[in-house]
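Please look over the model below. A brief report on selected features follows.

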Amino acid sequence: MGSIITISLFSLSLIICLLLKFSIVYALIIGYIIFISYGLIKGYNLKVLVKKSFEGMLTVKNILLVFILIGMITALWRASGTIAFVVYMGSKLISPSILILITFLLCAMLSLLIGTSLGTAATIGVICFSIGKTMGINPYYIGGAVLSGIYFGDRCSPMSTSALLISELTKTNLYTNIKMMIKTSIIPFIVTCVFYLFLGFKSIISPVSVDVTEIFKQNYNLNIVVIIPAILIIVLSLLKINVKKTMLISIVVSFIIAMFIQKESVVSLIKYCIFGYNNSNQELNLMMKGGGILSMINVGLIVGISSSYSGIFKETKMLVPLKEYLKGFSEKTSNYFVIFLSSIISGAIACNQSLGIILTNELSEELVDKQERAIILENTVVLLAGLIPWNTAMVVPLRTLDVGIMSGFFAFYLYFLPLWNLIVGIIKEKYKIKNLI
């Protein structure tokens, strides 16, 4: 009963922060105090609890380092013209009837390259949304396509923080996970494309020609060389080079290209790495401003603080009663279904993707082995968090686009993939049981 009250108090603090539009970090700090207090009431030593919380934070130390690299790479890709090149060339493919599908594909491609859902929504997502709005396409269709696309890469990019977090928590190999993620996403991806193609042909489109990418041509040297940093990420990832080394190489190459191709000064580039890319052209800034190490502080705090909970949970055994209940429930249903359900509950309680992943992992660690658990987490909580209206995974991208939460209904990939793998997972489990009998 005590653990339920404790989690309820934490959930309340999350909801209050969300309603008052405070940073989720404040709720996480309050949560830390609440969970420590629970441990003290149960008779645990304060020093031990604090030590365990720091041990929990140490499990994501590599991710925090990657955050720094992501901040630098997203700024330098903006400065070097890499993102501008991808957006400019990709936009050449846009035709009114297939805009919704192209929006999904472009967002998927860019999110796969840079591994950040928010960065993708703020660049190609905004551009595609602007074009669609001008053409008179239902904004919810475009918003849903953007949501689907940005979480395609957020799920399986080697630079994705969620993929890295799950790899660290489950002690599994990142590239093995990515290989299995791709395998389990083929059919949902194809079905999603078919649905967006159908929506595009059914939409009423106005005959307006708009070339919003002309601004890139005017402000960047779009020499094909600028695509090298992105190509390096793909090639080195395929060669299974360490993620941090891969990103570091891309950062160095981006820095050099920005200097010699875009004629940026060394001082400016260093500033971009820290504070993010910023251009004197305000029109360009609306689409390209961002990145930098400082931009990752908030998400770093969220992951760091929430990861400290895992150490406290293990020491106080707070989640044991709930885990026992879920274990019994899984025997009546299936392991996959229980984890699927847990991911929805965790995503709703946590209000952010990172803590949702951590809570779901904690609740399901005794149900399946670590490799299977890693893939189920990738196929459930990572995507489903983007469908919860009060979760930052949905709120922030849609606020960036300035569109309502109804877009979630058209974010087909976010629920096609979890539901498809839920059905496949249940069938596999039933088949195993049948063979054992």
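Helices (H or I, at least four residues) and strands (E, at least two) are DSSP runs, numbered from the N terminus.

## Basis

This is a predicted model: local features need pLDDT of at least 70, side-chain atom pairs count only at pLDDT 80 or more, and totals for chains, interfaces and linings use all residues. Residues are numbered from 1 along each chain as its sequence is written, and side-chain values use heavy atoms, with hydrogens and water left out.

## Positive phi in two loops

Lys317 lies in the loop between helix 16 (297–316) and helix 17 (320–332). Lys317 is not a glycine, yet its phi is positive, about 55 degrees.

Lys263 sits in the loop between helix 13 and helix 14. Its phi is near 60 degrees, again positive in a residue other than glycine. Most residues other than glycine have a negative phi. Lys263 counts as exposed, at 67% relative accessibility (exposed is over 50%, buried under 20%, partly exposed in between; 1.4 Å probe, protein chains only).

## Helix 13

Helix 13 covers residues 243–260. Its 18 residues should span 26 Å at 1.5 Å a residue, and the end C-alpha atoms are 26 Å apart, which agrees. The expected span is 1.5 Å times one less than the number of residues.

Its buried residues include Val243, Met247, Ile251 and Phe255. Residues three or four places apart in an α-helix point the same way, because there are 3.6 residues a turn. Cover for the buried residues includes helix 4 (61–80), helix 10 (174–202) and helix 14 (266–275), where contact means heavy atoms within 4.5 Å.
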